[in-house]
Amino acid sequence: MAVQFDYLARKGWKPKNEDKDYLITLLKVEFSKAALREARNKKTSMKKLFEDAAASVAAESSTGTWTKVYAGKDSGIPLAGKLRAMAYDLDYKNSTFKVAYPIKLFELDNISGLLAGIVGNIAGMKMVSAMRFYDVKFPEKMIKAFPGPAFGVPGVRKMLKKPSGCLVATVPKPKIGRSDVEQSNLAKELFTSGHGTYDGIKDDENLTNLSFNKFDKRCKMILNELKKAEKKTGKKKFYLCNITHSNIEEMARRAKLIKKNGGVFMMMDVITTGFTGVDSMRRKNLGLAIHAHRAMHGFITRDNSPGVHGHGKLYGFSISMIVLAKLFRLLGVDSIHGGSPLAKMEDYGEAEYITRVLQDKNLKAHSKIPSLGQEWYHIKPVWMAASGGLHPGDFESVLDKLGEDILIQCGGGLLGHPEGVARGVQAIEEARILYEKKIPMRVWVKKNPDSALAVAVNLWGYGPKIVY
Ligand code: CAP
Ligand code: MG
């Protein structure tokens, strides 16, 4: 397809001054039946077909189209040639390749525009039957065009006066059912049960402003309970209050209400509200940290074909969670659901690396997961929210794997405690303190068979497992 210019780099070519002058993507493709048929008819080798596909991706996502176009005066062709993206580092065995985009192709602070380029049309090309966008590496100037998280890991720690250790939070279950009043009663119970160390309560992704659970009332009542609990327990608390709406102005109004009532966090469903929603809310600088729920990401990131990690066949079109984590770190969320090892949600064994994507300053490419690394410059590290089927028995393994800059979210894993909510709080308090004191959970549980933690592990066991 890439007929006007050569969009395929010669073997061994590398972009010069890559971190400053280029944005890089890493992709894998499979060829459609039509492309294979045409290749057979034209006696094109598989090698050539792959090169054509890689070049076509570079063309369609930068300056080209399917045919030669007018190249005379005022055509823009000379500049289009200069600014064309180049496909390079072709791995003929695995059909993976990189594309290098000169930075001038982009408006530096516009993620929506950027994505319309680098992955705008390419997944629709008839010549491919599958594609995965594994990773993106931003150039320095693009990183510097974004503020990143206002708080990040250090800012939230300071705000909550919690210099070390993981954070714990609970999403009320049932997902929908409690009234605003009932939810604030639950907040009180979570915050004041046990030793009063429970950190947070979170709205569920689909809880917005419902007839029986009004946003304004819920927000005010929970933050009121939170204040009282802080006084009573002497511990800082947070409420991840879901402002999700398809109207940015309404999200801003809700965020201002949180601020006015003394809240420190807003929560957004960042996929359904979109890049524009997140960027706009971040740049409003409302003085609130942003918790990012990734509801709907599975329709983007999910890919159960063998090629998900680079080797083997791909069956569909997808974008990895690594890419999404990078985009939302850049846009400035302070915490984000990134998956958890063997939780109820698929993570493809990537949760540990995603934690690094969110938190490392000089991120290195992974040796097994297709990835590119990233220098993050001034962008702060982001909390990894580990969630989905987690329970107290998981704490050791999740903390061992992901480190302590994580928010462990247990919904069912607290509210499903056989002896009630207060005992659920206690079980999580016990699990956290044991880890902080480096006391092996199994040993302690054996010695304390009547403890809330013992009752929880008796029901759910130890360590993450896949739940249904
Ligand atoms: C967890 C949760 C979260 C998922 C999202 C839920 O509840 O509230 O939305 O964790 O997945 O509704 O399932 P439980 P992820 O603690 O009861 O499982 O974190 O992978 O984005
Ligand atoms: Mg949820």
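Biologist: What is the volume of the largest pocket?

Modeller: This is a predicted model, and the figure is computed from it. The largest pocket is lined by 31 residues. Its volume is about 490 Å³.

Biologist: Which residues lie nearest the centre of the largest pocket, and which elements give two or more residues to its lining?

Modeller: Nearest the centre of the largest pocket are Lys-344, Met-345, Ser-387, Gly-388 and Gly-389. The elements that give two or more residues to the lining are strand E14 (383-387) and helix H16 (412-415).

Biologist: How many cavities of 30 Å³ or more are found, and how much space lies in the largest cavity?

Modeller: A search of the whole structure finds one cavity of 30 Å³ or more. Among the residues that line the largest cavity are Pro-172, Arg-178, Asp-204 and Asn-213. The space in the largest cavity is about 50 Å³.

Biologist: Which residues coordinate the magnesium ion, and are they buried or exposed?

Modeller: The magnesium ion (ligand 2) is coordinated at 1.9 to 2.0 Å, through OD of Asp-204 and OE of Glu-205. Buried means under 20% relative accessible area. By that cut-off, both Asp-204 and Glu-205 are buried.

Biologist: Which residues of strand E5 point one way, and which the other way?

Modeller: In a regular strand the side chains alternate between the two faces of the sheet. Strand E5 covers residues 167-170, and all four of the residues named here are buried. Leu-167 and Ala-169 point one way, and the other way point Val-168 and Thr-170.

Biologist: Which strands are joined to E5 by bridges, and what is the handedness of the crossover from E5 to E6?

Modeller: E5 runs parallel to strand E15 (residues 406-409), with three bridges between them, and Val-168 stands opposite Ile-408 in E15. Two bridges join E5 to strand E6 (residues 200-202), also parallel, and there Ala-169 stands opposite Gly-200. From E5 the chain passes through helix H8 (residues 180-192) to E6, a β-α-β crossover that is right-handed.

Biologist: How many residues of helix H13 are buried?

Modeller: Helix H13 spans residues 321-331 and is mostly covered. Its buried residues include Met-321, Lys-326, Arg-329 and Leu-331.

Notes. Residues are numbered from 1 along each chain as its sequence is written. Chains are lettered from A and ligands numbered from 1 in the order in which they are written. This is a predicted model: local features need pLDDT of at least 70, side-chain atom pairs count only at pLDDT 80 or more; totals for chains, interfaces and linings use all residues. Side-chain values use heavy atoms; hydrogens and water are left out. Buried means under 20% relative accessible area, exposed over 50%, partly exposed in between (1.4 Å probe, protein chains only). Two strands pair if DSSP finds at least two bridges between them. A crossover is right-handed if, with the strands pointing away from the viewer, the path from the first strand over the helix to the second runs clockwise. Donors are N, O and S atoms within 2.8 Å of the metal (3.2 Å for Na, K and Ca); water is not among the atoms, so sites may look incomplete. On a 1 Å grid over the protein atoms alone, a cavity is a set of points where a 1.4 Å probe fits but cannot get out, and a pocket is an open set with protein on both sides within 12 Å along at least five of seven lines; lining residues have an atom within 4 Å of a point. Grid points are joined across faces, edges and corners, and a volume is the space filled by probe spheres set on the points.
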